[in-house]
Amino acid sequence: MDRLKLSRIDEELVSSEVAALCFLCRDVINRKRLEGIVDAKGLFLRLEEKGLMENDFFLSQLLQTICRADLLNLLETDSRRPEETDANPMLSDYRVMLYQLYEDTTEENLDKMKFLLSNKLGKAKIEACNTALDVFSEMEMAGLLSDTNLHELHTVLLEFNQQLASTIQRYRESTRLPQIPHGSMDYQSFSTFQPTQPSDAGASDASVVFSNAEPKTSPLSDHTEYYALIHSPRGLCVVINNEYFLGTELKNRGGTQEDAKALRTVFTRLGFNVVVHDNLTANEMLLLLKELGSRNFLDDDALVVCVLSHGEKGCVYGTDEKPVSLRELSQPFTSGRAPTLAGKPKLFFIQACQGSNYQRGSLPCPPKPRQEEGDRQSHLEEDAGRVDGETVPWDADFLLGMATVQECKSFRNTAKGSIYIQELCRQLMWSAERSEMDDMLTVLTRVNREVSKGEYLNYKQMPEPKYTLTKKLVLKFV
């Protein structure tokens, strides 16, 4: 960005505004790298190091949040978005919510907050806090505050100001944070992937949340309706994680390590042996899958393959920028080529673009009048034939979860991971905790709904599951 324009913005910002900007950037810049910054120019240099100043998107969010929209006219007026597949890092709703609390906190409220927290933060540290943002920072360092742990702050605010406390409650409802006791070690261990839940979800005991005991009357024992999950481990989960590309056409994929980490955590908890392969060329991907397809799967209940890379319609790319078709990914595992996988679920999750178009949104239309049975039948062109015997079609029992529909881009936050994979992991975690028997298609429907609600660089994203599953698949913690 133009250094002259940045210098002019720096001249307009007072020290308290610079401190607020630094606080808002703590999710994208290491805390230590923010120490010692006394003016906006120092912050801009840190943002440049992270690649966050290549366009005005992130800085615009910062200025709008601290109510300095008057400085936006100093930025570039070109409204076009950069042509890349990554979503620019967004300011976290959590940081914006804390900033709103800071803005609404009076001197009297600040004194009460410091008094109530003095026994937990220590007298010396609490006396050094001049603003609510300083208090929040000390709480974060003491492990009393995070985007998934708002219990302590909410309790303190309830003591002296209901309006401030309601700000946290609104944030909880908008992000659907679960109401789980924050002292639970299990909760802390998996808070990174806490799911989006219905707003009326009640409190639950952590010892129950992670219990792997099933009801005696569990319908999962009905193997005509549900896939059998009886082995430990359940099977393999293979993650192909392409971050660094060798050519000049495709950019490196910052944030993909967060996706690999999330997948490893979730599928390990679901009972799978997880193996991550980093940075494979197209040929290496094909050789790996061919070798995997020759494996004896008799002692496995299922197979999971996750591919994190760049892509185009119907294919993903190796690090050498050569394509691998989606059919080539699944072909080694058909019943004809991998007979010990016959009748077992084979799950493929693909985080990659499937074109260069952007998904847009529109208002939903009203439902059509309900058709009579005769009308529906008249539109059928052929009947489904009866299948005799117990043979399994070669392409049966596959599920393909795509980050986006064909022809469109998918988005990845270069600091926190892709929109699709992170939501998938959240929903898998939540489903595994619930007592209800949510099958995989129900989980993916929730993923579709949550991802489609968001806006990414003013565009939408619509995941697309495709499947030939013949039974319901329910994944629970092991």
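A search of the whole structure turns up 6 aromatic pairs; rings of Phe, Tyr and Trp (its six-membered ring) count as a pair if their centres lie within 6.5 Å. This is a predicted model, where local features need pLDDT of at least 70, side-chain atom pairs count only at pLDDT 80 or more, and totals for chains, interfaces and linings use all residues. Residues are numbered from 1 along each chain as its sequence is written, and side-chain values use heavy atoms, with hydrogens and water left out.

**Stop 1: two aromatic pairs**

Select F267 and F349. Their ring centres are 6.4 Å apart and their planes meet at 40°, so this pair is tilted (planes under 30 degrees apart are stacked, over 60 edge-to-face, the rest tilted). F267 belongs to helix α14 (residues 256-269) and F349 to strand β7 (residues 346-351), so the pair ties together parts that are 82 residues apart in sequence. Helices (H or I, at least four residues) and strands (E, at least two) are DSSP runs, numbered from the N terminus. Are F267 and F349 buried or exposed? Both are buried, where buried means under 20% relative accessible area, exposed over 50% and partly exposed in between (1.4 Å probe, protein chains only).

Now select F411 and Y456, another tilted pair, with 5.7 Å centre to centre and 35° between the planes. F411 and Y456 are both buried.

**Stop 2: charges over rings**

Select R95 and F23. The charged end of R95 sits over the ring of F23, 4.8 Å from its centre; this label needs NZ of Lys or CZ of Arg within 6 Å of the ring centre and within 35 degrees of the ring normal. Then try R434, whose charged end sits over the ring of W430, 4.5 Å from its centre.

**Stop 3: two helices**

Colour helix α2 (residues 15-24) and helix α6 (residues 93-104): they pack at an angle of about 150°, with axes 9 Å apart. Axes are lines fitted to C-alpha atoms, for helices over the stretch in contact, and angles run from 0 to 180 degrees between N-to-C directions. That makes α2 roughly antiparallel to α6 (over 145 degrees). On the α2 side, the contact includes F23, and on the α6 side it includes R95; contact means heavy atoms within 4.5 Å.

**Stop 4: N273**

Finish at N273, in strand β2 (residues 272-278). N273 is partly exposed, with a relative accessible area of 43%. Leaving out residues up to four places away in sequence, N273 touches P233, G235, L236 and C237.

Methods. Angles under 35 degrees count as roughly parallel, over 145 as roughly antiparallel, 65 to 115 as roughly perpendicular and the rest as oblique.
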